[in-house]
Amino acid sequence: MTDHVDRILAQWNVEKPELDVSPMALIGRLSRTALAVEARLADTFARHDLDASSFDVLATLLRTGAPYRLAPAALARDSMISTSAVAQRLNKLEGRGLVARQTNPNDGRGTLVSLTDAGRRLVETALPDHVSTELAITAVLNVEEQAQLASLLQRLHDAAAG
């Protein structure tokens, strides 16, 4: 079965036959897969009036356990969003009443971000749908294939991150 990536490789092989473009097959499919997964997850998040970054902040706070509170730097480290995106995301979530910021009792200059009751209810409602979407996407692979792919993707990530 020929796909978009195969057509791109064929074009490069005609235009630049001396160039080994085989890595494009993997990277191209990885990129296309990431976009497709992100779109499916975005649909799930939208049903809960969330986006991926907002869900990730709320889920990070929830999975830390009671009292569901972290310093912004720890939140950035433990979530899948950048440090610069955390402040913007926190402002949005705080405005919706889903998180609250308080002075850190151990560091008067710092703050702590807490999951509010409304934030906890929302993420606990969205989480099963999120996992269901991920299960639907990954169900095409058996357990061993999923483990192998996860390991291979980690190796690629490590190589890309340098």
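Student: Which residue in β3 is the bridge partner of T103?

Tutor: T111 in β3 is the bridge partner of T103. Note that this is a predicted model.

Student: How do β2 and β3 run, and how many bridges join them?

Tutor: Strand β2, residues 99-104, and β3 run antiparallel. Six bridges join the two strands.

Student: Switching to α6. What should the span of the helix be, and what are its end C-alpha atoms apart?

Tutor: Helix α6 covers residues 117-138, which is 22 residues. At 1.5 Å a residue the helix should span 32 Å, and the end C-alpha atoms are 32 Å apart, so the two agree.

Student: Where does α6 bend?

Tutor: The bend is at L127, by about 25°. A proline, P128, follows within four residues.

Student: Which residues of α6 are buried?

Tutor: G119, L122, V123, A126, H130 and T133 are buried in α6.

Student: Why would residues three or four places apart in a helix point the same way?

Tutor: An α-helix has 3.6 residues a turn, so residues at that spacing point the same way.

Student: What do the buried residues of α6 pack against?

Tutor: They pack against α2 (23-46), α3 (52-63) and β3 (107-115).

Student: OK, the core. How many residues are in the largest nonpolar one, and which have the most contacts inside it?

Tutor: The largest nonpolar core has 25 residues. L58, L61 and L75 are those with the most contacts inside that core.

Student: Which elements give two or more residues to this core?

Tutor: Those elements are α2, α3, α4 (72-78), α5 (83-95), β3 and α6. The largest share, six residues, comes from α3.

Student: Take L75. What is that residue in contact with, leaving aside neighbours within four places in sequence?

Tutor: L75 is in contact with V57, T60, L61, L70, V86, L90 and V113.

Student: On to charges. How many salt bridges does a search of the whole structure find?

Tutor: The search finds eight salt bridges. One of them pairs R29 with D6, the closest N and O atoms being 2.8 Å apart. R29 is in helix α2 and D6 in helix α1 (residues 4-15), so the pair links distant parts of the chain, 23 residues apart.

Student: Buried or exposed, or something in between, for R29 and D6?

Tutor: R29 is partly exposed, with a relative accessible area of 30%. D6 also counts as partly exposed, at 26% relative accessibility.

Student: Which residues are linked with R29 in a network of salt bridges?

Tutor: D3 and D6 are linked with R29 in that network.

Student: What does R89 form a salt bridge with?

Tutor: R89 forms a salt bridge with D51, the closest N and O atoms being 2.9 Å apart. R89 lies in helix α5 and D51 in the loop between α2 and α3, so this pair ties together parts that are 38 residues apart in sequence.

Student: Last one. Which side chain does R101 meet in a salt bridge?

Tutor: The side chain of R101 meets that of E94, at 3.1 Å from N to O. R101 is partly exposed, with a relative accessible area of 29%, and E94 is partly exposed with 33%.

Methods. Residues numbered from 1 in each chain as written. Predicted model: local features only at pLDDT ≥ 70, side-chain atom pairs only at ≥ 80, totals over all residues. Heavy atoms only, no water. Expected span 1.5 Å × (residues − 1). Bend = angle between axes of the 7 residues up to and from the residue. Buried < 20%, exposed > 50% of the residue type's maximum accessible area, 1.4 Å probe, protein only. Contact = heavy atoms within 4.5 Å. Core = buried A, V, L, I, M, F, W, Y, C linked by side-chain atoms within 4.5 Å. Salt bridge = Lys/Arg side-chain N within 4 Å of Asp/Glu carboxyl O. Pairing = 2+ DSSP bridges.
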